[in-house]
Every structure is written in C-alpha cells, then in structure tokens.
Amino acid sequence: MIDLAPRIAEIARLILGMENRKLSTKTELRFGTNGSVAVKITGDKAGTWYDHENCEGGGAHELIRCKLGLVDGQANEWLTDNLGSESEKKTESGFLEIYDYRDEAGKLRFQVCRKPKKGGFPQRRPDGVGGWIWNLDGVERVPYRLPELLAAVAAGETIYIAEGEKGVEALRRAGLAATCSPGGAGKWPPQQFQQYFRGADVVVLPDNDDAGRSHGNDVVCDLLGIARVRVLDLAQHHDNFPPKADPFDWFALGRSVEDLTWILEGVDPLATPSNEDSNPEPAAPKRPCLALADWLTRDLPEPDFLMGEVFSTSSRGLLVADTGLGKTNFGLALALDMAAGEDFLHWRCRRPARILFIDGEMSTRLIKRRLIDAARRAGNSPSGFFILNGDDYPDMPPLNTPDGQAFIDNIIEQIGGVDFIIFDNIQALLLGDMREEEPWQQTLPWVHKLTRRNIGQLWVHHTGHDTTHSYGTKTREWQMDAVIMLSKIESDADLAFALSFNKARERAPDNRADFADMTVTLDNEWSAVSTAAGPATAAPAAPKPPSPKGVKFHDALVDALARSGAVNAYSAGNPAVTMLEWEAEARRLGLILEDTKPNSIRSQLSKYRLELIAANWIACTGDYAWSLKAR
C-alpha cells in the first residue's frame, strides 16, 4: 500500500474543498465554516485528520471511506482518477503513468511512459495495428494536452507551463490550465509551439534546479512577443522547497492554488522584444526609455485623489506621532469622512471611497468606543467603512510574512475591494525589531503590489525617545509619498497637536494649502488652523473647471443618467449609472471611436472621470458614477 500521508492536503482539498484560510496554520489545515475538520500536514501526526463534529478520523484511506463512502477497489479507482500515478493502481508493464499526447482533433500522436523511481521516460507511438513503436521518428511533437490547451487559450484562461507531465497534472487537479513539452528539461522546440500560444497569458514554472531554470528560460525566449509571459519561481516563495521540486511538490507540501495565484498577482509580465531581436532577454526593461519630447506629450491619467491632494488610491503615506497623542482618533476620523465623501479638516473630499482600517493594538471594547465617538462627531455611518480589529483574529499572521499578506488580501476580497487602507500601527502589525530594516523590507513588495492594485495606504507609526522623528530605520520613509508628523502642543482641548509634512511629493504651488503646517484640535469636533494664516477652510482653492472635452464627457454622463440612471446602495441617494453605461453613451456621441483599443478606452474614461471629480462635477464609487451638476 502506497503511503498517502505526504498527499493528505491534496486529498483533503479534493474531497472537502478549499481550507478555511482564517483558521488554518502552517501545520494544520482546517475545513468548513467553523474549521471542524482538522488535517495535519506537518509534525508527528502529519497525514492524519479528525472531524470534531462527527468524532471520526484517521489517515487518507479513512478520509476517502468516511467522506466519499468508497472502499477497496472503488477507493483505488478514485485515487487513480484524481491523483494519477501516485495512487495505488499502476498501469501496464510496470509504468507508474502513461501520458497521452494528442493533436488538435484529439487523435493520439504518441505517449510518454513514466517508469518507477529513476527508470526514465520511454516514448512510443501507435503502429496502426494495435501495437507500439518505441521511438518518435518522423512524429511531429505537440504540447501535452493540446486540445485542452487550445480550449483554454480561446477562453482567455492563464496557461501554466511546467517542465514535466507530473507537474502539469498537479496543476490541472488544482483547476488550472497547464501544459509542457515532451522530453523534459532542454527539450522545448524553438518556434514549433508558438502557434498554439499566440495571444495567450502564459506563466512559466521552472523546476528548482539549474536545468529547470534553463528550460524555463528557453520557454520564455521562445514565447516572448507571441504571448504575455510571466515567470514564477516557486522556490522563491517556499522556505523548504526541495531541489528539483516542481508544481506537484508545491501542492504536496501543503501550499494551495490560492497561494500560487496570490503570489502571481505581484509578478509583472516580461517585456516584449522588438522584431529585430532574435535572442530576447527576459530581463529587458518593461518600457522604452523615452526622449524629453515624448515625456512632454505623454498622456498619463491623473491620480484618483480621495482627500485633498494628499491621499489617493495610489498614494503611500506614513503618519508618525508619540504614544497617546491621538494617532488612532485622527486616523479613524480621516477614514470615516473619506468613506462618507465628507471634507476633513482643511482637505476637500473628492468622492465617497471604500476604506479599510486595520487596528492591531486596541481591544474590541476600546475600538468600539472610539468608533462610536468618531461616528457621532462625523454625523454619519458610511457603508463603505470597514474595520478589522486584531482582537477578533488573535492568530492573524504578521503583515511582513506571506501568510499575513495573504490574510489581508483575502479580507479585501471578502468585503468587495477597497480604495484605501489605514494600518494602525507598524509595531503592532509587523514582527521583528522595528529599529532594523528587515521587517519593512519584507513588507515592501506587498506595499508596492497594493499600489499597483490602486489601493492607497497610510501606515501609522510611533516615534522613539526622540519625538521629532519616526522610531527606527528611516528607510521606510524612502518609498512614501508623504510623511506626516504630529507633534505635541499645549492646549485645553481633548486632543491637540501640530501637523506638518516632513515629506510631500505631490506638493506644488497650486495645492500647497493641502500641505500647510496646521494646529489640529479635537474638542467635540475636529478643527484645523493654519500656523501661518489663521483658520483653514475645507476648500482652500476653487476647483479647476474641466476641459472642453471633459465637459462633453459630462454631457454623455448626464444623457446616460437620463436613459438608465437609478439609485443604488452605493450612490448616496443619487441616480447613478455604471461605467459601461457611461462608456456606451460616450460612444454614441462620438467621443470614443469604434476602433479604439480597450486600453485606450479605459485610459480615456479614467482621465476625464478624474478631471470631472476634481472639478466637483461628478462623484463616483466603485463602478458607479453620478452628476453633481445640472447641465
């Protein structure tokens, strides 16, 4: 009987579905809403499971029997169908597995046979009379599972390219479209397979050795310019990935398809070489180096500002203050008004936004009290404001770990996406010595990934004994667009501090009021007074009117509202339309030509949407837009 303990995680996912990621750990997977089924994947009890509701458990065979009702031959057949070569049922002639290579029509071209241990991979082709010829002389090579590959490319699915068939089958069992070339490492045929991948989204998964990475590079070089190509080296994302390991081992070691696809979100496609480049390099720059004249005429979308010109969906900020000065109260008030679409202090809010506030320090009782006070002062309770408290998730992993980052990514997905996150605070949410660079360097790639997803961020941080600057390494400020310093002042107010910007990348002559030094107080309500020019107003400068083309796009929005506008849960009581409905009306008015490429359409809509938001002519939230100005 083959030992199935190393594959208990894969078997459990096939039978029970995906694990409950909130309740699972690195040593134990939990299944079900309440995590009632526990599966041990490491330690002395690895390969076992226990159902706490039904009081039953055992090994992999007991899991199949109890949950599927299969025993003996039926269980072996299920294992063969689902786990292929590693099950108890072996194929003819002592081969562990036989892999069929078929052409576009599904006709068998040849087979690759896998022998036990290191017995090799002999290849054979039909002789036409029911037998086999043990060579591939004169046979055209095709990618493994070609019919499925062509269907996946046509459907727009991502195609994963492994080194060998075992890795392909593991990916397919996880629900992914996958293929490989016959023969293993070094056998990718240049140009021969390009026709099958034209226009596809491709991910190359090299095996964890030099030969595997060299093979992966061969695939990349062949498909660059033919397909959208990304490379994901699994060994870089697993602490104990063995030498020569492949996607099969990734899943066997307890990692999931969600882990794989989450990591892939942060992997950029490789640059497409020019036609003259006969030997492309995967590490080529992603964009050309532009001349000054090109930069001066380059059409770039404006930031999606949420509060003043300080906080946007692509900004990264650091809020620094001494303990007890009011950082959390300030952050909650800012988040609540941003979610409600209300001005805060001297900053003008551009639109209602979806905000996630992550509190890693206070108890649930204290954060509730703060929220009650903040909502009372603001006079509203916006539906787009979400609060995650660490006390509700005592096992939440630190955010400078892949597990912690995956945890927050899952939260974002569960609540339907966000525009901005406030992290309160770095010491409570990260693990390690904050005086050193390592904890932040472990977090930084994820910070950049959030930016690429158009999720703005404000990271709250303490000062040290020296209250004039942030605690620990200054390197975390290097990647920030704004560094906001709160300093203690004497006042009879409940809270009082001086607000200043130690760093402000967006500061310019026409928005300097947003970055002015302020005296901020909280005494029943928030107020801000400029230290240079008296009380600050909510709108320091009149909004810039939209361009003539922007006015036309506003006309298109008004027409779309007249045709199909309707109030919904996101539009604050205003009739709204979707971006697609707005786009359709812009097409009807000739603002978007029929042959315009999709990327150009998105860029054009984004440009004028942001221009109209800045002019205070429209408001948007999520996929909906509405007019604030009568035509």
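Is Phe 344 buried or exposed, and what is its relative accessible area? Phe 344 is buried, at a relative accessible area of 2%. The model discussed here is predicted.

## Aromatic pairs around Trp 526

There are 21 aromatic pairs in the structure. One of them joins Phe 330 and Trp 526 in an edge-to-face arrangement, with 6.2 Å between centres and 80° between planes. Phe 330 belongs to helix H11 (residues 327-340) and Trp 526 to strand S23 (residues 525-530), so this pair ties together parts 196 residues apart in sequence. Both Phe 330 and Trp 526 are buried.

Trp 526 also pairs with Phe 344: the ring centres are 5.9 Å apart and the planes lie at 70°, so this pair too is edge-to-face. Because Phe 344 sits in the loop between H11 and S16 while Trp 526 is in strand S23, the pair ties together parts that are 182 residues apart in sequence. Trp 526 has a relative accessibility of 16% and counts as buried, because the cut-off for buried is under 20%. Ring pairs link Phe 330, Phe 344 and Trp 526 with Phe 311, Trp 347, Phe 420 and Phe 497 into a cluster.

## Strands S9, S10 and S11

Strand S9 (residues 158-161) pairs with two strands in the parallel sense: with S11 (residues 201-204) over 4 bridges, and with S10 (residues 177-179) over 3 bridges. Tyr 160 has Val 203 of S11 as its bridge partner, and Ile 161 stands opposite Thr 179 in S10. Together with helix H5 (residues 165-173), S9 and S10 make a β-α-β unit that is right-handed.

## Nonpolar cores

The largest nonpolar core has 81 residues, and Phe 197 and Trp 459 are those with the most contacts inside it. Beyond its neighbours within four places in sequence, Phe 197 is in contact with residues including Ile 159, Ile 161, Thr 179, Val 202 and Trp 188.

## Helix H13

Helix H13 (residues 402-414) has 13 residues and spans 18 Å from first to last C-alpha, close to the 18 Å expected at 1.5 Å a residue. Its buried residues are Gly 404, Gln 405, Ala 406, Phe 407, Ile 408, Asp 409, Ile 411 and Ile 412.

These buried residues pack against helices H9 (257-265) and H15 (438-452), and against strands S16 (355-359), S17 (385-389) and S18 (420-424). Gly 416 follows H13 and has a positive phi, near 90°.

Terms used
Residues numbered from 1 in each chain as written. Predicted model: local features only at pLDDT ≥ 70, side-chain atom pairs only at ≥ 80, totals over all residues. Heavy atoms only, no water. Pairing = 2+ DSSP bridges. Right-handed = clockwise from strand over helix to strand, strands pointing away. Core = buried A, V, L, I, M, F, W, Y, C linked by side-chain atoms within 4.5 Å. Buried < 20%, exposed > 50% of the residue type's maximum accessible area, 1.4 Å probe, protein only. Contact = heavy atoms within 4.5 Å. Expected span 1.5 Å × (residues − 1). Phe/Tyr/Trp six-rings, centres within 6.5 Å; stacked < 30°, edge-to-face > 60°.
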